[in-house]
Amino acid sequence: MSGGNRILDHNSLFETEKYVRQRENKRQFENACPEEEVLQTAAYTQTEEYLNKNLARKSVVINPAKACQPLGAVMAALGFEKTLPFVHGSQGCTAYFRSHFARHFKEPVPAVSSSMTEDAAVFGGMNNLIEGLANSIALYKPEMVAMSTTCMAEVIGDDLSAFIGNARKEGALPEEMPVPFANTPSFSGSHITGYDNMLKGILSYLFEKSGQQAKPGSERKLNILLGFEPYTGNFEEIKRIVEMFGLSYTLLGDHSDNFDSGADGTYSYYYGGTKLADVPNAANAMGTLALQKYGLRKTVAYTEEKWGQTARSLYTPLGITATDQLLETISSLTAAPIPEALMKERSKVVDAITDSHNYLHGKRVAMAGDPDMLLGLIGFCLELGMEPVHIICSNGDSEFEQEANALLSSSPYGSEGKVHVGRDLWHLRSLLFNEKVDLAIGSSHLKYAAKDAGVPLIRAGFPIFDRHHIQRYPIIGYRGTLNLLTLFVNTVLEQLDADAPAHSFDLVR
């Protein structure tokens, strides 16, 4: 309430007489289809005939469950201390990346653009880049600038290495200022590809600039890579787990503070992040542990080939079995025993699963997301006796498809599972109508298809725009498993209450 005026949510605002009348009046200008035709078309999209046409579609993509490369590159840059992401391309692209992250994390996102326009598209963007670097350094005073590209810069073939060199010659860029870069065209790959390209670019640049030699195993430390990680809570959880082992570690790319800063009356452009000086020393660690095997391929390969590291890549450790594998891998890389306290945590989560299994067992599930998270979700569902039926991975490949099918084949609960690589959420909508499921799991973009099909949506992955604080809770490890279990079972129970007749509106479940 303010000044006696009630501030309405748009749910209520657009149902007031003024807006209802406005919508009706607009029809004469829009040449809208008759309501009957709209309803007939909507009904047709739910048929098996339309499903077959939809699955045969190849020339157009409708609502893919992925974003573009430079968005991932911005996240990678924000994982390092006092680093400013610099996107060489149009200003609109950078605004999209910033708004996407701000809506998911509910945090401001520092990133700048070279603001290429029509003239730069014709003559090249070097002048924009040089001027942008000079202005950015003067205004925001970063210790490092991490540069990525968008479609426009890639299509015209701008040479970042040469442009950065020219910026140094012109005095727009101090000689000592590190400016790692990555080519991240939006028309290929996805956000996880862009993250991987940028992270590899940062690690290789800082290591080679230091002049140090890799001495793997000379320091009793573990390198940890989380990749394109939309849950800030997962950073805290992996830190807690490794510290319980009594180990020192370096998180290579820690964006958790940048996307989960406090409100103390001041604002800073930079919160936390991996220290730049720690990167060259990471080459001396006992090994590298990556929690995304499909989202960190190039970076992991770099640590193996250039640093001589022993590297292990796991898909996102969701559930009991995957967390067991995580702990065993940490122990294998470091020779540290698995702490008894973590085994106690495990037993409590197994007990919690037992408490809830009767509500989850046999539930049919559809899911969409990134490859590593989907593998974690498939494994967790199989542990619960849930049945993954539709798995949509817009940015998956044949290797992911094979691993997902092998995981489904490992359990009788995966017998009906079908993996759809390269498909989108409009494909999934048709599947939801024709091969019914009880639950859908995915980002906020899946809410429309889930609502149309009358399926409850469990929000997981990126982006989550329409719910608050989910990203602050870990979903990896045993504690994260408990959080996921709670989310799953309470979604089912809420639906039971919503559908319950009077005689079954139970107090106790």
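Reader: In which helix is the place of threonine 491?

Author: This is a predicted model, in which local features need pLDDT of at least 70 and side-chain atom pairs count only at pLDDT 80 or more, while totals for chains, interfaces and linings use all residues. Residues are numbered from 1 along each chain as its sequence is written, and side-chain values use heavy atoms, with hydrogens and water left out. Helices (H or I, at least four residues) and strands (E, at least two) are DSSP runs, numbered from the N terminus. Threonine 491 belongs to helix H21, residues 477-499.

Reader: Is threonine 491 buried or exposed, and which residues does threonine 491 touch?

Author: Buried means under 20% relative accessible area, exposed over 50%, and partly exposed in between, with a 1.4 Å probe and protein chains only. Threonine 491 has a relative accessible area of 13%, so it is buried. Contact means heavy atoms within 4.5 Å. Not counting residues up to four places away in sequence, threonine 491 touches Leu439, Pro456 and Ile458.

Reader: How do H17 and H21 cross?

Author: Two packed helices are described by the angle between their axes and the distance between the axes. Axes are lines fitted to C-alpha atoms, for helices over the stretch in contact, and angles run from 0 to 180 degrees between N-to-C directions. The axes of H17 (residues 371-384) and H21 come within 12 Å and cross at roughly 70°. H17 is therefore roughly perpendicular to H21; angles of 65 to 115 degrees carry that name, those under 35 count as roughly parallel, those over 145 as roughly antiparallel, and the rest as oblique. The H17 and H21 crossing is right-handed, where a crossing is left-handed if the near helix is turned anticlockwise from the far one by less than a right angle, and right-handed if clockwise.

Reader: Which residues meet in the contact of H17 with H21?

Author: From H17, Leu377, Phe380, Cys381 and Leu384 meet Thr481, Leu484, Leu485 and Phe488 of H21. The residues of this contact divide into seven nonpolar, one polar and no charged. Here Ala, Val, Leu, Ile, Met, Phe, Trp, Tyr, Cys and Pro count as nonpolar, Asp, Glu, Lys and Arg as charged, and the others, Gly among them, as polar.

Reader: What is the arrangement of H15 and H21?

Author: The axes of H15 (residues 319-334) and H21 come within 9 Å and cross at roughly 165°, which means that H15 is roughly antiparallel to H21. This crossing of H15 and H21 is right-handed. Gly319, Ile320, Thr323, Asp324 and Leu327 in H15 meet Gly477, Tyr478 and Thr481 in H21, and the residues of that contact comprise three nonpolar, four polar and one charged.

Reader: How many disulfides are counted?

Author: A disulfide is a covalent bond between the sulfur atoms of two cysteines. With the rule of a pair of cysteine sulfur atoms within 2.5 Å, the count is zero. Cysteine 68 is in no disulfide, and the nearest cysteine sulfur, that of cysteine 93, is 6.9 Å away.

Reader: Where is a cis peptide bond found, and what is phi of lysine 141?

Author: Most residues other than glycine have a negative phi, and most peptide bonds are trans. A cis peptide bond, with omega about 0°, joins phenylalanine 462 and proline 463. Proline 463 is in the loop between strand S12 (457-459) and H21. Phi of lysine 141 is near 50°, a positive value. Lysine 141 is in the loop between helix H8 (126-140) and strand S3 (144-149), and its 59% relative accessibility counts as exposed.
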